[in-house]
Amino acid sequence: MDTLIHITGAGVVSAVGCGQGETLDALRRGRSGIGPVRFLRTAEKTFLVGEVPLSNEEMAARCGASPDLSRTSLMGILALREALTEAGLPDLTGIPLISGTTVGGMDKTEQTFPAYSPLHDCGASTDAIAAHFGGAPFATTLSTACSSAANAVIFGANLIRSGQADIVAVGGSESLSDFHLHGFGSLMILDTAPCRPFDATRAGLNLGEGAAFLILESDASVRRRGAASLAVLSGFGNACDAFHQTASSENGEGAFLAMQKALRMAGLRPEDIDYVNAHGTGTPNNDASESAALRRVFGDALPPISSTKAFTGHTTSASGSIEAVFCLLALREGFIPAQLNWTTADPACIVPSLGGPASLKHILCNAFGFGGNDSSLLISR
Amino acid sequence: MRPVYLHARCELKPGDPEPDFRSLFSVMEARRMGRLLKRAVWTASEALKEAGIDVPDAVIIGTDYGCIENSEFFLKALKGIDDAPMKPTHFMQSTHNTISSLIAIRLGAHGYNATYSHRGRSFESALQDAWTQIALGDIDTALVGWFDEMTPALAESLIAQGIEPKEHALAVVLSANPEGAIEEIPSLRSE
């Protein structure tokens, strides 16, 4: 990386809890947040989901926002509040907000359709988050399906590299919706049992929800403010599989290119990577394709790899930043999150790590999306 | 930071005659694709032709509201309106990045690919992303697009919010190469 980019704050909300404390506890104890539907308004109760264990009203009360906001905005506010607080920033004054979402306020439109809710679109959900923190000098939204939040991190990092910003708030937020629960259901890629990434018996994903934001900051700004650097973003890669609208290629071309770009940018070799937080959704197609890509990058010397989606479900657009926060916690506390629910090896897949204490310096964090939008973030101590 | 140049611009304005898509799509493809996707692929392909570029280093799309026609098809089915069937194709093509992904698949473009969806700021964000990466030297060329469709229900919602409903079909090509450029694109720093 040509510029030092510090991470000076992080906030996270997912099925395993609200905030870094609850999240760390769950990751260390191997406590999954996946279960039956509690809050989502849906008639579809067959599939297990990873819901944030708070109602909209409870979330609104915690952060002093209106309970009428979309769930995407409410979760985003909770996560961004934690990130700003950790970075010692009172609000978004002078700080661009770059968020990732696809569902946006679909939960609101589900209640008003055939009319649209004014909170329907992605931009509205990001603007509501910005407004809660006094407004941002500018806000924008990435919508690259399940890699949206990772791409928000990348765009924010480029704003710092190019001197267009000193501090950026980047991440993503995505609530469950009846719309995409049925959508993923129609694609036959949901599991009625807890998802089993990289396992021979894997049969699909569990949809999850959540939000996470990072505060990225230039070295000059960190020095000026006397801020504490939690880690650095040492590289990133965005590539396109350009294969199919929803399926991944057999050789994992997009995923391979994304990881390779991240390594090259960081000036690191594959053997420097201490842990990979895989995209690992638990669908037969993704996990085989990602494994092929991992083998192309690392050869036979695979580092420990696990998918934390067995904890949270697939938090879709928010997964890139949620899992980046998991990586920050793993780096700081010195452990590898276990691959839950894995019992049977699949020759088509990597053998995931069952977790444990580890001294970590460099972590690769993958987020891949429909449309072959594949991104990889490299976080270093 | 390197200077960034505009090399091509192709737009279908409201009221423009619909182009002949037959040169681009087979009958089967055309049937699977909605009007938004056809217009997007056509403008992108015309802009790339004008710029003399086969495969750009990046494909970056702005869409203010995304692929709402397919979203509405799927929502209707979900809500049991008009006995509409729930089709996976409608869901697959309802995500905002359907456009950038389709363009990448058609071009075999494995480089940077992103989609911005932030109301009236979508195209500006896409342009800023492309500009920044070219200026940094990460990429040399980028296809940047702005694509939107309108439905009666969305138009009604936007009018109620004081926003003018608009369709977009615009593709531009940016490059680090000054040769043959239309103009230099100044810094897009947003404040």
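**Cavities, interface and backbone**

The count comes to three cavities of 30 Å³ or more. A cavity here is a set of points, on a 1 Å grid over the protein atoms alone, where a 1.4 Å probe fits but cannot get out; grid points are joined across faces, edges and corners, and a volume is the space filled by probe spheres set on the points. The model is predicted, so local features need pLDDT of at least 70 and side-chain atom pairs count only at pLDDT 80 or more, while totals for chains, interfaces and linings use all residues. Residues are numbered from 1 along each chain as its sequence is written, chains are lettered from A and ligands numbered from 1 in the order in which they are written, and side-chain values use heavy atoms, with hydrogens and water left out.

The largest cavity has a volume of about 270 Å³. Its lining (residues with an atom within 4 Å of a point) consists of 25 residues, and those closest to the centre are T102(A), V103(A), F179(A), T95(B) and H96(B). Helix 7 (178-186) of chain A and helix 3 of chain B each supply at least two lining residues; helix 7 of chain A gives the most, with three. Helices (H or I, at least four residues) and strands (E, at least two) are DSSP runs numbered from the N terminus. By class, the lining has 12 nonpolar, 11 polar and two charged residues. Ala, Val, Leu, Ile, Met, Phe, Trp, Tyr, Cys and Pro count as nonpolar, Asp, Glu, Lys and Arg as charged, and the others, Gly among them, as polar.

The contact between the chains (heavy atoms within 4.5 Å) takes 54 residues from chain B and 56 residues from chain A. The buried area, meaning the accessible area (1.4 Å probe) lost on putting the two parts together, summed over both, is about 4600 Å², with 62% from carbon and sulfur atoms. On the chain B side, F91(B), H110(B) and H118(B) lose the most area to chain A, together 14% of what that side buries.

Two salt bridges (a side-chain nitrogen of Lys or Arg within 4 Å of a carboxyl oxygen of Asp or Glu) are found across this interface. In a salt bridge between D121(A) and R119(B), the closest N and O atoms are 2.8 Å apart.

Most residues other than glycine have a negative phi, and most peptide bonds are trans. F113(A) and P114(A) are joined by a cis peptide bond, with omega about 20°. N341(A), not a glycine, has a positive phi of about 65°.

How values were computed:
1 Å grid on protein atoms, 1.4 Å probe; cavity = no way out; pocket = protein on both sides within 12 Å on 5 of 7 lines; lining within 4 Å.
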